[in-house]
Amino acid sequence: MLLVERWQVESICLKTSLDLVLSSLQQRSSVQPLPQIVLKLPFDLPLVQADGEGLMEVLTKLLDNACKFTNPDGTVTIRAQVLNPETELVTWATFQNQPKHKKMLEVIIADTGRGIEPSLLETIFERFYQEEGFLRRTIGGTGLGLAICRQIIQRLGGKIWAVSAGKNQGSEFHFTLPIAVPIEDKQKS
Ligand SMILES: Nc1ncnc2c1ncn2[C@@H]1O[C@H](COP(=O)(O)OP(=O)(O)O)[C@@H](O)[C@H]1O
Ligand SMILES: [Mg+2]
């Protein structure tokens, strides 16, 4: 897979990656018209430590899915927040296996679309899983997208998971990435 070659982890601006992904999604999307896409990023969004192409691939696949499984009158919202491992009790599980001092950024892509049965929230990350099965599909895809996203995010030291209250209740895809350490802080340590 793409992961082996040209993998370069550096300080990346999520907003810049999102702008690129969104403009190419709008140009080449198989779903037309697209649902409304809303960006709700904090003004002081920190840089993340990631491979630029890997991050763009994850964003492309998650946004592709969100648009594919949401009607044109629905909404896709992109949010991000800095996690504090000491106070974030709800998402604390995402820090297991993480060095405790590493600050993480959580990115959330939420849609108002067809939703996911709670019992399938982990299964969808398996390779080739598609709810309708390949032959019954009316919309394209290979069932590999989420498996690839998980592989990329884990390799970058983050976690990825899905949240949904069930059928027709919308879905949220969350992932975490380490926040880049500013150069001044690196020099101090
Ligand atoms: N935003 C979403 N809303 C509802 N279901 C989703 C969403 N994203 C993924 N899924 C479910 O997870 C399955 C696997 O997704 P993915 O690995 O990207 O494969 P593909 O997009 O090729 O079907 C999808 O077929 C769908 O059943
Ligand atoms: Mg997909």
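The buried residues of helix H3 (residues 145-155) are covered by elements that include H2, strand S6 (160-163) and strand S7 (171-178). These buried residues are Gly145, Leu146, Cys149, Ile152 and Ile153, where buried requires 20 or more other C-beta atoms within 10 Å of the residue's own, with C-beta atoms placed from the backbone. They lie on the same side of H3, because they cover an arc of only 120° around the axis, taken from the directions from the helix axis to the C-beta atoms. After H3 comes Gly157, with a positive phi near 95°.

The model is predicted: local features need pLDDT of at least 70 and side-chain atom pairs pLDDT 80 or more, while totals for chains, interfaces and linings use all residues. Residues are numbered from 1 along each chain as its sequence is written, and chains are lettered from A and ligands numbered from 1 in the order in which they are written.

Helix H1 (residues 14-28) packs against helix H2 (residues 52-68) at about 45°, with the axes 9 Å apart. In H1, Ser17, Leu18, Leu20, Val21 and Leu25 meet Gly52, Leu55, Met56, Leu59, Thr60, Leu63 and Asp64 of H2; contact means C-beta atoms, placed from the backbone, within 7 Å. By class, 8 nonpolar, 3 polar and 1 charged residues form this contact, with Gly counted as polar.

The chain has 4 helices and 7 strands, these being DSSP runs of at least four residues (H or I) and at least two (E) respectively. Of its 189 residues, 26% count as buried.

Definitions and conventions: Axes fitted to C-alpha atoms, helices over the stretch in contact; angles between N-to-C directions. Contact = placed C-beta atoms within 7 Å. Buried ≥ 20, exposed ≤ 12 C-beta atoms within 10 Å, placed from the backbone.
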